[in-house]
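Welcome, and thanks for opening the viewer. Let us walk through the model together, one selection at a time.

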Amino acid sequence: MTAGSDLIERATLIAPNSVYPPWINRFGRWICWVGGLILFGWMCHNLDLRLDVLARGFTKLGVLTKAMFPPFANGGELRIVQSLLDTFAMAVSGTVLGIIVALPLGIIGAKTVIRNPVIHFAVRRTLDILRGVPVLVWALVMISAFGLGPIAGVIALALADFPHLSKQFAEAIENSDTRPSQGILASGGNRIEAMRLGLLPQVVPVMASQSLYTLESNFRNAAILGVVGAGGIGFELEERIRIFAFDQVAWIVVAYVLSVTLLDWLSSQVRARLV
Amino acid sequence: MSKSVDPTTNSDRSSWRLEQIVDHFEAERSRNLRRGRLQQLFQILVVTLLLGGAFQASGLFSSYLGDGALGRIGNFLSRLLPQLHHDRLFEDRATSGSLLYWFYDLDLWLKLLAETVQIAIVATVLGAIFALPLSFLAARNLAPAVWVYWTVRRISELVRTLPDIILALILVAAFGLGPIPGVIALTLGTTASLTKLFAEANEAADMHQLEAVQSAGGNWWQQLRFGLMPQVLPNLASYSLLRLEINVGGAAALGIVGAGGIGVELSRAITFTEFDTYFAVLIMIVGLIFVLDLTSEAIRDRLTGLEKGA
């Protein structure tokens, strides 16, 4: 005990503020904690996040979860697999459309290609703004424009993807080494050749890897688009939830999780070979 | 590939004449090229089939849009835009053609927007609180046993494969319409993703500092508090802010399935084909997310700067 207090005394001599922080710091920290806690409590109150409501909800959730076991497809296995494939098709088409739109925008958005700062700024900021729109929000608009069906989902996916992809493509181009292109220009190549032989070999693997990553996330996104009427697995799921057939819901969720895992694994294998 | 045909590396080939070496090289090279081309052809074939099938299944090929598709899109876009009159722009909401007539339910939308932000904040805070202890279990250098590490990681991966919307859909069935299922769905997703990110930050931490606390007599809790936390806290805060940005977008979309927030209004506007209202709400959402992104990015830059400075 005495040794301990001795140590503390010596430490206080060396660095008084770290042993006993000044009261203003301690007080400030305390105020922050209490203020944050009050703010958080106020928000919970606003959202009606009360214990009795939660308890009731979780009890009901327990009943629903019990109804999920054992998962049972009720003869709809083929239909569910078919709709999973449809969802995948939507994801692929959406990704490809997104890539097609993003390629020119990525090139324009790259600082190293278009040196005009006004264009660069305008493109980047517009993309930043568009990136804020959730895919489901696009889907609602597209469904009212194109009617129910996967085509609306595909266009919504592409719209939600191209701002992300453009930004990533632009960054890939900016991060590439300019010396190969300079070498080609110096040895008599024109700008097209410099791009084809100096730039593309560097950026294509990066872009392909990012596109695959987008495909993965699009498979998840495509699944939720069905909920608002773009077909696919989300539609099947929503239908089963609406009629409280939770054993079928569980079957669909398991099938979906397995296919997501499979796709992620395949894509990561390909990406590992690319980069 | 070129290494295997390099004749100088093989001592028994050193006696070859130059023509032989060149012949050998050429043969090998053309074989390689042929094989590469075949492989490429095969890959292109597979990708083409995949794309063709995907386009076919998602209706990109079929004349689904019918006649005058462009006209219909144009028509739709024009319905999305409000009818504003430049001379009546700043009149009250009863005058058609004014800005307030377009944003006719501004008070309600602002309230719902605030609710969206609150859903996102509460879910992020709860998610971060749950993720913090889980991240110790999911970090290879801190987990008490391998099976704990493995289990926590797999469960967090499993939850991450389920989109928030699907979780919310199931939770709405249990909790009823309102913000609560939204909060829970986002909290689940946030917990799972932050557990992974936090765990990776923990794994990158310098273990010597924990050992120093241990050798000074600190227990497990003190090691984490004084050895680990000061190292990883800026990172954790930065990840949480990033997740907050994502959650605001997520909370805005959750309303579409009835889980509270501004999305409810979006879904209502579409149901009643009030496309100009939809556009107005969309502008508010995008503006909110844009401002939030900028703020959070500035804070995150400062946080990671702090970490580098320390």
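**Stop one: the domains of chain B**

Begin with chain B, where the C-alpha centres of domain 1 and domain 2 are 49 Å apart. Select 2-57 for domain 1 and 103-309 for domain 2; these bounds come from an automatic or database domain assignment.

A word on conventions: residues are numbered from 1 along each chain as its sequence is written, and chains are lettered from A in the order in which they are written. The model is predicted, so local features need pLDDT of at least 70 and side-chain atom pairs pLDDT 80 or more, while totals for chains, interfaces and linings use all residues.

**Stop two: helix H7 of chain B**

Now pick residues 179-203 of chain B, helix H7 (helices are DSSP runs of H or I, at least four residues, numbered from the N terminus). Its 25 residues should span 36 Å at 1.5 Å a residue, and the end C-alpha atoms lie 35 Å apart, which agrees; the expected span is 1.5 Å times one less than the number of residues. Of these 25 residues, 20 are buried, so H7(B) is largely enclosed by the rest of the structure (buried: 20 or more other C-beta atoms within 10 Å of a residue's own, with C-beta atoms placed from the backbone).

**Stop three: where the chains meet**

Next, show the contact, with 47 residues from chain B and 47 residues from chain A (contact: C-beta atoms, placed from the backbone, within 7 Å). On the chain B side, helix H6 (residues 164-175) gives the most, seven residues.

Methods
Two residues are in contact if their C-beta atoms, placed from the backbone, lie within 7 Å. Helices (H or I, at least four residues) and strands (E, at least two) are DSSP runs, numbered from the N terminus. A residue is buried if 20 or more other C-beta atoms lie within 10 Å of its own, exposed if 12 or fewer, and partly exposed in between; C-beta atoms are placed from the backbone.
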